[in-house]
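Thanks for coming. I will keep this short, and you can look along on the screen.

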Amino acid sequence: MSKPLVVFDKVEKHFGDFIAVKEMDFEIQEGEFLAIMGPSGCGKTTTLRMLAGLEAPSVGQVRLNGQVMNDVRPHARDTPLVWQSLALFPFLTARENVEFGLKMRGVDKTQRKERALKWLDKMDILEFADRDISTLSGGQKQRVALARSLVMEPQILLLDEPLSALDAHLVIRMQAVLTDLQRELGITFVYVTHSQSEAFAMADRVVIMGDGEIAQIGTPKDIYRSPENQFVAEFVGRNNILSGTVGSLANDTARITTTSGEFTVPMNEVALTKGQQASFVISADLVHVVIDKPIEGNAVSCKLISEEFVGSMVTLFLENASGHEFKVQMQERELSNYNLKSGDQIWLTWDTQNAHVLHGS
């Protein structure tokens, strides 16, 4: 197994009496694209700042290539950070911005220019090399900021919500640029975001944080399909979460009685005992709509409340008799077959094996 590039070893960060990051243990492998995701105030940016050297851990160690970095200054770390605000110099041209770090390191003028132009070309903005930063679009500025960091040829690149200020269509384009760059260069990317779509589209692994702690680490698919706890299930995706009391057990399945009805769940990952309280998740895209009551299987009767369209996908928001909200995702062309309108009563159903019982139930 390869040696990790970065290790967070029992790291905490305190600001007075406030603990921004609680005991944190995780590793970042060389060459991987790791995203750190969570709601505002969860500690993700503080974690990135400790890796960048802008904050020192209060407890524990941050190690890079086996070296303890706690007291190493930012400029001595070789961990460039692409800021949310980009932090470009408005009084310099695009090329001069890219050259700046090389100039601070004493690289001669000819080599600085050559390397800067090479990276502007790689970022497909060579034609703007001598333009003032103020004349560039948001996407072009983003590419200049990336070129300025990558011209230093770092082993690891840190990115703090770098796409948050871009228009939606530019975000998609820049996601492709970042993914292609990371794969081509083999550089480790550590990417902080609050956007699930960004993290899941680009990252090899995702760290979900909440209240200063790591809630789950895994591949995007694992986190989306198999959230480990209710916090992750609620934060990620369009999940339906049901809780109740475990009843009968049979053939690696259990029956759970909830306020919305009695449902069968698998026990292939989490063992349940009769009488305990348990919660399970059904992803919105794994729930099916039917008009007539199913003869068997998991089913609940709901009233359609509203619809949300995003391109060719639509999310239905429904409510059952007990007031529990359900969500269903489907293709718009599939929905058109039902001719539904607000207030219609329909049935929702799902396969037992698609239910995911939460750990700690």
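This is a predicted model: local features need pLDDT of at least 70, side-chain atom pairs count only at pLDDT 80 or more; totals for chains, interfaces and linings use all residues.

Residues are numbered from 1 along each chain as its sequence is written, and side-chain values use heavy atoms, with hydrogens and water left out.

First, the pocket. On a 1 Å grid over the protein atoms alone, a pocket is an open set of points where a 1.4 Å probe fits, with protein on both sides within 12 Å along at least five of seven lines; lining residues have an atom within 4 Å of a point. Volume is the space filled by probe spheres set on the points, which are joined across faces, edges and corners. The largest pocket holds about 620 Å³ of space. Its lining has 18 residues, and H75, P80, L81, G101 and M152 lie nearest the centre. Two elements give two or more residues to this lining: α2 (94-104) and α4 (138-150). Helices here are DSSP runs of H or I with at least four residues, strands are runs of E with at least two, and the numbering starts at the N terminus. Which element gives the most to the lining? That is α2, with three residues.

Now the rings. Rings of Phe, Tyr and Trp (its six-membered ring) pair if their centres lie within 6.5 Å; planes under 30 degrees apart are stacked, over 60 edge-to-face, and the rest tilted. The count comes to nine aromatic pairs. In one of them, the ring centres of F33 and Y191 are 6.0 Å apart with planes at 45°, so the pair is tilted. F33 is in strand β3 (residues 33-37) and Y191 in strand β8 (residues 188-193), so the pair ties together parts 158 residues apart in sequence. Both F33 and Y191 are buried, meaning under 20% relative accessible area.

Another tilted pair is F263 and W350, at 5.2 Å centre to centre and 35° between the planes. F263 belongs to strand β13 (residues 261-266) and W350 to strand β19 (residues 345-350), 87 residues apart. F263 is buried at 0% relative accessible area, and W350 counts as buried at 3%.

Last, the charges. A charge sits over a ring if NZ of Lys or CZ of Arg is within 6 Å of the ring centre and within 35 degrees of the ring normal. The charged end of K13 sits over the ring of F15, 5.2 Å from its centre. For K122 and the ring of W119, the distance is 5.4 Å.

Terms used:
Buried means under 20% relative accessible area, exposed over 50%, partly exposed in between (1.4 Å probe, protein chains only).
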